Amino acid sequence: MSREQGDRPKNRWRSAEHGSALFIWFPTQGVDWTHHFHGSAFNNTRARGRLASTNKIRLRMADNESSSLFSAYKMAKFSLSHRVVLAPMTRCRALNGIPRAAHAEYYAQRSTPGGFLITEGTLISPTAPGFPHVPGIYSEEQVEAWRNVVDAVHAKGSFIFLYQPGAAPPISSTNKAISSRWRILLPDQSYGVYPEPRPLDSSEIPQIVDHYRQSAVNAIRAGFDGIEIHGAHGYLIDQFLKDGINERRDEYGGSISNRCRFLMQVVKAVVSAIGAERVGVRISPAIDHLDAMDSDPLGLGLAVVERLNNLQQELGRKLTYLHVTQPRYTAYGQTESGRPGSEEEEARLMRTLRNAYEGTFMASGGFTRELGIEAVAQGDADLVSYGRLFISNPDLVQRLKLNAPLTKYNRKTFYTQDPVIGYTDYPFLSGTTDSLSRL
C-alpha cells in the first residue's frame, strides 16, 4: 500500500521519500516517457489543455516571491499556516474497522496550528475492504470513533480530511487480473495475492457512487473538514480512468470522456452532498501501481483537469484542491527502487497539469525538505504532502523548518496492529514521545 523509492533524485520532481495520501481515501507497466509528451494532447491549443498564459505565469511568479514551504496559504475556506501536508497512508491499526484511541494520538501528534492532514484510506462500505484492519466510515460506531480523532486534531488547531479509496478487489472496471509482480504486504509481513477481479455491471455503478456520497456525509457528521476522493494508484476510480486496464465497451469505457465518466459522477455526487469547498481529488495519471497505466498520461491528466475546471465554473466555486502524484518511476514492484523516467518529461507533466488546473495544486511523491521548498518557491505546487517521513517524525513540520535531523522509519512496523510500536512511539525533537499531553 505504501510505496517507496530508493536513491534521492537530482531534480525537484523526484525524491527519496514517497508521500502517500492521508485524507479519507477511497481505494478501489512500465511507462515509456520518451513519447508521451509529444502528441496532440501536449500540443493541444484549447485553453484548458495548454500551459497557462504568460500573464497567469507572471502573476504566479509574483505571488511566489513571498511563498515558501513554511508560509501561510489560503486553501478554499481553510487558512493554513504552512504548506506541509500529512499524506494518506495505510497503517492497519483499526481492529474490526473501528478507529481506536491510538488513532487520535497518532493524528494529534502530527497536528500543528493551521496544519492540514489527510487520513489513511477509509472504507466507504462493508463491500469495500481490500486490506485487513483498515478503518471504515459507513457505520454509526465508526462515525463516533472518528469523531474522537477529529476532536483531537482540531484541539491542536489543524484541519483534517477523510481519504476515500472506494471499493476494493475483486470489484473493478475489468476482469484483467493484477500481474504477479504486485503482491500485498500483509500485517504479519507475509505476502498475499490479489483476487480475480470482477467488472462492475453498469447497473451497479450508481450504488457505488452513492457509497461515496453517503460516506462523505458521514465524514462531515464525524466532524471532518472535508474529504479527498482517491482517483489514483490503481484503485477503483483509476481502473476506470486508465486505458491499460479499462477495456469496457459500455458508456464507461473506450473514449477518454467515457473513462472519466465514473470519476466525475463521484465528484458531482460528493460535491452536491457536502459542497465543493470540502472536496479534494487525487489522481496519478503516470503511475503504474497495480498495473494501472495509460498510453497517454498527460492527455488523461489534462482531460481530468478540464472536467474539474468546467465543474468549478458551473458551480461558481472551486474544489478544495487537486492532488497529483508525480511520476517518480516507471516500474516499482516490491522493492524500494525503480527505474526512473526522464527528469525533464516528468517535470513537464507536473507543470503542465499544475498550470492547467484552476485552483489549489498539491504535489506528492518522495519529496525531501529541499525538494519541497523548491517546488513551492518555483510555483510548481501550492502544497506538498509527505508520507513516510511523517510516520517516523511526528513533528516533521518543525524538523523541516529547523533543518533538523530526521528519524529513520522502520518499514516492518508500517502495517502491524500494535497501537504503540511504530505508530505513536517515534520521538519528538525534545526526545519524548509525548503527544496528547503536549496538546
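How many aromatic pairs does the count come to by the ring-pair rule? The count comes to 14 aromatic pairs, where rings of Phe, Tyr and Trp (its six-membered ring) pair if their centres lie within 6.5 Å. This is a predicted model, in which local features need pLDDT of at least 70, side-chain atom pairs count only at pLDDT 80 or more, and totals for chains, interfaces and linings use all residues. Residues are numbered from 1 along each chain as its sequence is written, and side-chain values use heavy atoms, with hydrogens and water left out.

**View 1. Tyrosine 106 and tyrosine 107 form an edge-to-face pair.** A pair of aromatic rings is described by the distance of the centres and the angle of the planes. Planes under 30 degrees apart count as stacked, over 60 as edge-to-face and the rest as tilted. The ring centres of tyrosine 106 and tyrosine 107 are 5.0 Å apart, and the planes stand at 80°, so the pair is edge-to-face. Tyrosine 106 and tyrosine 107 are buried (buried is under 20% relative accessible area, exposed over 50%, partly exposed in between; 1.4 Å probe, protein chains only).

**View 2. Phenylalanine 116 and phenylalanine 161 pair edge-to-face.** Their ring centres are 5.0 Å apart and their planes at 85°, so this pair is edge-to-face. The pair links distant parts of the chain: phenylalanine 116 lies in strand E5 (residues 116-121) and phenylalanine 161 in strand E6 (residues 159-164), 45 residues apart. Helices (H or I, at least four residues) and strands (E, at least two) are DSSP runs, numbered from the N terminus. Phenylalanine 116 and phenylalanine 161 are both buried. Ring pairs join Phe78, Phe116, Phe159, Phe161 and Tyr321 into a cluster.

**View 3. Lysine 408 places its charged end over the ring of tyrosine 409.** The distance to the ring centre is 3.9 Å. The rule asks for NZ of Lys or CZ of Arg within 6 Å of the ring centre and within 35 degrees of the ring normal.

**View 4. Strand E11 (residues 226-231) is mostly covered.** Six of its six residues are buried. Gly226, Glu228 and His230 point one way from E11, while Ile227, Ile229 and Gly231 point the other way. E11 pairs with E6 in the parallel sense over four bridges (two strands pair if DSSP finds at least two bridges between them). Leucine 162 stands opposite isoleucine 227 in E11. E11 also pairs with strand E12 (residues 279-283), in the parallel sense over five bridges. There, valine 279 is the bridge partner of isoleucine 227.

**View 5. Glutamate 228 is placed in strand E11.** At 0% relative accessibility, glutamate 228 counts as buried. The C-alpha atoms of glutamate 228 and arginine 278 are separated by 8.5 Å, with the two residues 50 apart along the chain.

**View 6. Helix H9 (residues 297-315) crosses helix H10 (residues 343-356) at roughly 15°.** The axes come within 10 Å. Axes are lines fitted to C-alpha atoms, for helices over the stretch in contact, and angles run from 0 to 180 degrees between N-to-C directions. H9 is roughly parallel to H10 (angles under 35 degrees count as roughly parallel, over 145 as roughly antiparallel, 65 to 115 as roughly perpendicular and the rest as oblique). The crossing of H9 and H10 is right-handed: the near helix is turned clockwise from the far one by less than a right angle, whereas anticlockwise is left-handed.

**View 7. Arginine 317 lies in the loop between H9 and strand E13 (321-325).** At 39% relative accessibility, arginine 317 counts as partly exposed.
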